[in-house]
Amino acid sequence: MWRKARSASAGALAIFFPQLTWAAEDLLRVTTHPVAWVCVFIFVAAYIAVMAEEKIHLRKSKPVILAAGVIWALIAWVAKEQGVSHYDLKRAVMHDLEEYAAMFLFLLVAMTYVNAMEERQVFASLRSWLVQKGYSFRELFWVTGVLAFFISPVADNLTTALLMGAVIMAVGQKDVRFISLSMVNVVVASNAGGAFSPFGDITTLMVWQAGKVQFAEFFSLFIPSLVNFLVPAMIMSAFVSKGQPLPVKDQVAIRPGGLMICLLFLLTIAIAVSFEHSLGLPPFMGMMTGLALLMFYTYFLRVQGLTSSKQFPSGMHDHEDLDVFQRVARAEWDTLLFFFGVIFSVGGLRYLGYLEVVSKLMYEDIGAGWTNISAGVISAIVDNIPVMFAILGMNPQMDTFQWLLITLTAGVGGSLLSVGSAAGVALMGTSKGHYTFLSHLRWSWVIVLGYIASILAHFLLNGEPLI
């Protein structure tokens, strides 16, 4: 039962250090209440709708936002019945808002930079260069995979997969086997590359911002992530044709300022890291500072007339295309709002006490190692964002090794199925039927081998016995 009375000292602590008191406060703990069961049902129903997004054409943010609102409305009803004050209930909601706001601002800046680079044709230029190099099918299989692995730690896996997918579709023509195998390879490479970087995936960003793993410690996952990519790639490459695709004429140049925007993005990441390590400020403050640099630089380009339509043929848009506010407007708002729904829905279930029960069952009874490995498999069916947020909500007592393990498994586990990650879902939508759920499933056995090998590599290299 929630304790209604609060001491004066606890109230003061709540005002000045809300995160500390939230960790110490009791939860509502009404997991057997019928309304709590309804909340679980609502969340499951919403997530079924998310998983069926490709079939029902309903954006994934819509059902989870609705679920979050209904769940917290029901929680408020139960909380009033249990004698919880409005102040305590609002403080529980604000705890989730703090989590979301920090992640939202960080991701918004990153998405804005990626959109600015896309408008400056940075990605189109890279695609054009790859298409014109005259690689064989097998060489292109490896080139697109390696580039996906090394681009995704900076750009998100979705952008990386779409870029490499466009290259594959441009040169693959009617070679269905090449397109299918290469896209499976790109999905695995994009997810594996994002697992060893704090910026490579939303889940790694969540773990970093939660303070579970320090920035430099993520890079100890480089070799396990590389193993996760190389094991299936080496097997699949043997089935790729050695033939040469027909030449394609596709010349695209980077627009003025494109390379400088890439450098500013790297500088912004460096600022975010230094703000946390040197100044003790949350990383999103550094990212927002970097967004200001982008705003001033695009202003400079417009003043210099370097974005005028006269600079480009084919009637390209005028300088307003590089307006940062337009880049912000074109961010992945569906993803950002989906993240809102997930955080508040899972946060509601945590407040009801469900995560505490699951944490005891999984982490205390089964053990952290097997639980973290299993969570990676679950992320192939359920998106890794709610899986990771649920684990952070459980806040199990784990050392850095185990937090790195769940970071690895949640990041690469989505590759087991095509619907397990944003990269796979996006490529299914752009491959014109050449890359499908079943075509990915045919190669899931080699991806499983890579998944197991990456876990073994983590155990062997990062210093903890397997048993």
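A salt bridge here is a side-chain nitrogen of Lys or Arg within 4 Å of a carboxyl oxygen of Asp or Glu. The model is predicted, so local features need pLDDT of at least 70, side-chain atom pairs count only at pLDDT 80 or more, and totals for chains, interfaces and linings use all residues. Residues are numbered from 1 along each chain as its sequence is written, and side-chain values use heavy atoms, with hydrogens and water left out. Searching the whole structure gives four salt bridges.

**View 1. Arginine 91 and aspartate 88 form a salt bridge.** Their closest N and O atoms are 3.8 Å apart. The two residues are three apart in helix H6 (residues 86–119), which separates them by about one helical turn. Helices (H or I, at least four residues) are DSSP runs, numbered from the N terminus. Arginine 91 counts as buried at 12% relative accessibility, and aspartate 88 is buried at 3% relative accessible area. Buried means under 20% relative accessible area, exposed over 50%, and partly exposed in between (1.4 Å probe, protein chains only).

**View 2. Aspartate 96 pairs with arginine 350 in a salt bridge.** The closest N and O atoms of this pair are 2.6 Å apart. Aspartate 96 lies in helix H6 and arginine 350 in helix H16 (residues 333–352), so the pair ties together parts that are 254 residues apart in sequence. Both aspartate 96 and arginine 350 are buried.

**View 3. Glutamate 119 and arginine 120 form a salt bridge.** Their closest N and O atoms lie 2.7 Å apart, and both residues are buried. Through salt bridges that share partners, Glu119, Arg120 and Arg255 are joined into one network.
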